Structures are given as C-alpha cells and as structure tokens.
Amino acid sequence: MKLKKDAETFNLGDTSFRRQALIDDYKVLLSLLQKVNLEYPEWDKEAQEKFYETVLEETNMFSRNEEEDFARRGRTLTSALAKIGLINDKRRLSRVANNWLSNSNLASDEVEGTLGIDINNLMFTRQLLKLRIYHSDGIRYFHPVRVALELVKRYRNIPQRNFLILIHSIQPNFDDLQIEGIITAYESVASNKETFPEFLDREFPENESDVTARKLFSSRPLDRDKFDLLFTNRKSSSTQDVYFDFVTSLIKFKECKTQENFARLIEFNTDAKLKRAFGFGKSVFKKADNVNDFLKKN
C-alpha cells in the first residue's frame, strides 16, 4: 500500500464495510468479484455497478438504497481487498486469492502449524506479514504488522491506545534502526520511568519548519487553515468542520467551565466521526451530568 502524501495515516479497511465475520465476507466478495470479472473485461463504472448489484442480490450484507451511487459502493467494497494483496488495482484476483477460493496450496508449514489456526486465518496471516506501507515516494516502506508483533512480543501488557498510536506514528521513511530504537525506547514507558506523552515528544519530535500543535493552540482564535493542516480528513471537508467545532468547543470549556459550555461540548460525544478520530471508536468523554461530575470522570 502506498501513502498518497507524507505523514498520512494508513488504514486497511473502509468505514462503509464493518462486519463481524470479516474473513468469511471477504471470501464471498472475492467469489462475486470473480464472476463479474468474467463478464466485464474492464473495471469501469458499469462493472463497478454490476458488482455492487450482485452483492445486494446474492448476499444480505447490505440493504438496498436506490439513492446510493452503486459504482462508488462497488469501488469502496473492493478497496480493502486490494490493500492486502487479494486483488490488483484493476480488481483482478491475485494468485493468493484464487488459491484461497479453491483451497489450493494453503497447507501450513512447520512453523505455521504451531499457531493452530485454520486455512482462512493462515491466508490472512501470510498476507499481513507481507504487507508493506510505502512512502509517497514509492520507494521507502515498512512492515506495520511485523512491527506490531515485535511490540506485543516485548510488551505483552501494552495498552491498546499506546499500541495503536505507536503503529500509526511510525512512517515509511523511518529506517530499520530507527524503528528498532523506538520499540526499545518504549521500555521507559512500560517500566513507568516516563509517561507515554513524554515518550512521544522525544521519539516523534515536531518539525518546527511546519505548523505545530503548539503554535496552533498558542493563538486565539484558532487559525482554521493551520488547523486543517494538522487535523486532516481526506474524505470529507464536512468532517473537518466537525473536528474544528469540537476542538474550539473544547478550548472554550477549558477556559470557561460554565454549564452552557459543558452542554455544548457534550453534544459532540456521540458523533461517530469524533469517536473514530479522537476516541478510538468509543465516546470521547465519559458520561457526566454536570460540570463537576465531568471534571471528576475526565
């Protein structure tokens, strides 16, 4: 996978496709895509629409909504399959995907056999271990899953939040020695010699030639242009608006803790965009009835 710009965060899925049985559903999507590929030689708008139409007709994954852009839904549904190497950019199935569908050449070797996982999980494990995140220059890269495994091997009780922030903070232009140094340096957090924010400040210093959080938040009112450089969402400008409104409301409450400012801030707590961006999928704040209760719980 190649990042489109420097310092962009990578992702392996798509927010429009969230399922409990993800592996089984991927297999179903691949088999349907294989059928569409036989009928359409090019992955054009017509093929994209046909693919999503087929998904609606032959599965219960989604409810039909005629107002949807079927071609766009067809593209987004296949995005995650491409990211882990099961299809190429023309949406043709890879050899790995074809073998997976036909249950061919998926026998585990001696090491893999000790993992005690089935064929489906074995295939995903192999693909994720091979996964490379490329820099926007298309040359430099790193293996995020291998880094993740090294982290949990060394620090079995690493908090999920620390783990996710670390993986997403490492950039493809970091060399192996730098990444190894970061993993080793986390020992100071694991042994309570420093806090995680202190560790991040040391290991991932801000580039003073660019806009920094310190510069942004040192002035009032917030500069919207500078804010958008730091808090990015490449899918939607409306999401940028939500981010900005939330942060400005948070600052207003921090500087003046009135019930009115508290009520405004709490309105953001159920926003799905903010949960993903600031709460790792959960509410940003713990539920509270008033200002004093809020300050105690948060």
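**Close-up views of ring and helix contacts**

**View 1. Arginine charges over aromatic rings.** In this predicted model, the charged end of R73 sits over the ring of F62, 4.8 Å from the ring centre, where a charge sits over a ring if NZ of Lys or CZ of Arg is within 6 Å of the ring centre and within 35 degrees of the ring normal. R132 likewise lies over the face of Y141, at 4.2 Å from the ring centre.

**View 2. The aromatic pair of F253 and F294.** Rings of Phe, Tyr and Trp (its six-membered ring) pair if their centres lie within 6.5 Å, with planes under 30 degrees apart counted as stacked, over 60 as edge-to-face and the rest as tilted; the count by this rule is 18 aromatic pairs. F253 and F294 form an edge-to-face pair, 5.3 Å centre to centre with 90° between the planes. The pair links distant parts of the chain, 41 residues apart, with F253 in helix 14 (residues 237–255) and F294 in helix 17 (residues 291–297); helices are DSSP runs (H or I, at least four residues), numbered from the N terminus. Both F253 and F294 are buried, that is, under 20% relative accessible area with a 1.4 Å probe, protein chains only. Ring pairs link F246, F253, F262, F268, F285 and F294 into a cluster.

**View 3. The contact of helix 7 with helix 8.** Contact (heavy atoms within 4.5 Å) is made by P144, V147, A148, L151 and V152 of helix 7 and by F163, L166 and I167 of helix 8.

**Notes.** Residues are numbered from 1 along each chain as its sequence is written. Local features need pLDDT of at least 70, side-chain atom pairs count only at pLDDT 80 or more, and totals for chains, interfaces and linings use all residues, while side-chain values use heavy atoms, with hydrogens and water left out.

Methods:
Helices (H or I, at least four residues) and strands (E, at least two) are DSSP runs, numbered from the N terminus. Buried means under 20% relative accessible area, exposed over 50%, partly exposed in between (1.4 Å probe, protein chains only).
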